[in-house]
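Subject: Structure handover

Hello,

Here is the structure I promised to pass on. Please open it first, then read my notes below.

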Amino acid sequence: MMIQANPIVNQALDHPLLEEKGVELAIKRLDLVHPLVSGNKFFKLKYNLSDAKKNGIQSVLTFGGAYSNHIQATAAAANFYGLKSIGLIRGEETLPLNPTLEFAQSQGMKLEYVNRTDYRRKNEAEYLDELKEKFPNSFIIPEGGTNSLAIQGTSEILDEGDSKFKYIILSIGTGGTFCGILKSLQSHQKALGISSLKGSFINREVSDLIEKNQIRTEEEWTINSEYHFGGYAKYTQILIDFIWEFYESFGIALDPIYTGKMMYAVWDLIKKGHFPTGSKILAIHTGGIQGNLGFYERTNIKLPGLSA
Ligand SMILES: *Cc1c(COP(=O)(O)O)cnc(C)c1O
């Protein structure tokens with residue numbers, strides 16, 4: 001039994017700017033891959049959960065912030081596989097639950113709150129051993145879901161039809177999805193990651209992931225860290241306006257944490273002439289729209305896709 005994906009479409013965009021610059025731009029709609037397990041998280045989780053199931057494991061345990069797409073997706077995917085799930089949530093419990101945690105709980109996820117000091121230990125062997133004792137027979141998936149099985153899953157995002165694109169662009173959090181893309185990249189293609197986090201440490205982390213997972217990369221890749229809009233989960237009015245304009249032009253909802261920043265970067269780089277005339281660009285919509293509802297509750301800023 002394997003969780004089923006909807007057929008994945010590349011939506012070609014039509015816009016005067018693209019015409020003026022002589023570039024082709026399409027969006028890979030991973031946001032539509034599954035009604036409950038959206039975007040890149042579908043690919044990151046599929047082998048983790050099918051493996052856990054095969055190995056007779058009864059529950060999965062993972063970590064995330066209170067609005068985490070990864071928590072939301074893990075809860076739904078575990079439920080699909082008939083696995084129990086435990087979510088260790090950073091910070092204190094706030095009631096009523098926000099829409100992300102409410103959903104996770106409705107999928108059967110047991111929520112446990114972890115203070116920020118302990119949460120920082122999430123990758124320490126000693127802490128993980130404590131968790132294994134406290135939650136026996138649980139499979140631990142790291143925060144954001146990045147591990148080798150996730151990279152195996154995300155290496156299936158690109159397919160043969162995508163070989164016509166020279167540039168593959170996607171958002172970066174932990175870099176797990178980016179590494180899956182690198183694994184499947186063809187030699188005439190370039191991958192460009194847009195980091196949602198401030199600072200260039202992500203280059204180092206991606207290099208480490210590449211080495212650990214023995215990904216061949218004669219192929220070219222770069223990470224742009226100039227479109228974080230103040231840092232992870234930070235935003236500006238310019239970003240919000242862009243998300244609305246993009247929705248009005250193309251009917252595609254974006255989120256303010258990842259895909260909004262990534263598309264803003266793509267648009268800005270096209271404007272600045274970064275891509276030579278004739279370039280074919282594929283931007284990957286990694287999902288994350290579930291977070292727009294919680295964003296609205298938190299900030300009172302409406303974004304597209306709220307009712308979806
Ligand atoms: C988690 C997430 C990312 C980041 O993926 P990584 O594999 O951690 O780099 C990007 N976009 C969306 C919408 C996400 O939910």
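Let me start with the ligand. It is surrounded by 15 residues, and the closest are Lys 41, Lys 44, Thr 174, Thr 177 and Thr 286. Keep in mind that this is a predicted model.

- Lys 41: an N or O atom of its side chain sits 2.7 Å from an oxygen atom of the ligand.
- Asn 69: here too a side-chain N or O atom is 2.7 Å from a ligand oxygen.
- Gly 176: this one uses the backbone, with a polar atom 3.4 Å from an oxygen of the ligand.

How much of the ligand does the protein cover? On its own, the ligand has 390 Å² of accessible area, and the protein covers 98% of that.

The shell around the ligand

Next, where the shell residues come from. Helix H2 (39-54), strand E7 (167-172) and helix H8 (176-184) are the elements that each give two or more residues. H2 supplies the largest share, with 3 residues. By type, the shell holds 11 polar residues, 2 nonpolar and 2 charged.

The two domains

The chain splits into domain 1 (10-38 + 149-299) and domain 2 (40-145). Note that domain 1 is written as two segments. The ligand shell takes at least three residues from each domain.

The domain centres, taken over C-alpha atoms, are 25 Å apart. Across the boundary, 25 residues of domain 1 are in contact with 25 residues of domain 2.

Arg 121 is in the loop between helix H5 (116-119) and helix H6 (125-134). Is it buried or exposed? Arg 121 has a relative accessible area of 19%, so it counts as buried, since the cut-off for buried is under 20%.

What does Arg 121 touch? Setting aside neighbours within four places in sequence, Arg 121 is in contact with Glu 126, Tyr 127 and Glu 130. For a sense of distance, take Lys 272, which is 151 residues away from Arg 121 along the chain. The C-alpha atoms of these two residues are 42 Å apart.

To get going, I would show the ligand with Lys 41, Asn 69 and Gly 176. Then turn to Arg 121 in its loop between H5 and H6.

Best wishes

Key
Residues numbered from 1 in each chain as written. Predicted model: local features only at pLDDT ≥ 70, side-chain atom pairs only at ≥ 80, totals over all residues. Heavy atoms only, no water. Near = heavy atom within 4 Å. Polar contact = N/O pair within 3.5 Å; in protein donor to acceptor, adjacent residues only side chain to side chain. Areas by Shrake-Rupley, 256 points an atom, 1.4 Å probe, with all protein chains shown as cover. Helix = DSSP H or I, 4+ residues; strand = E, 2+ residues; numbered from the N terminus. Nonpolar A, V, L, I, M, F, W, Y, C, P; charged D, E, K, R; others polar. Domains from an automatic or database assignment. Buried < 20%, exposed > 50% of the residue type's maximum accessible area, 1.4 Å probe, protein only. Contact = heavy atoms within 4.5 Å.
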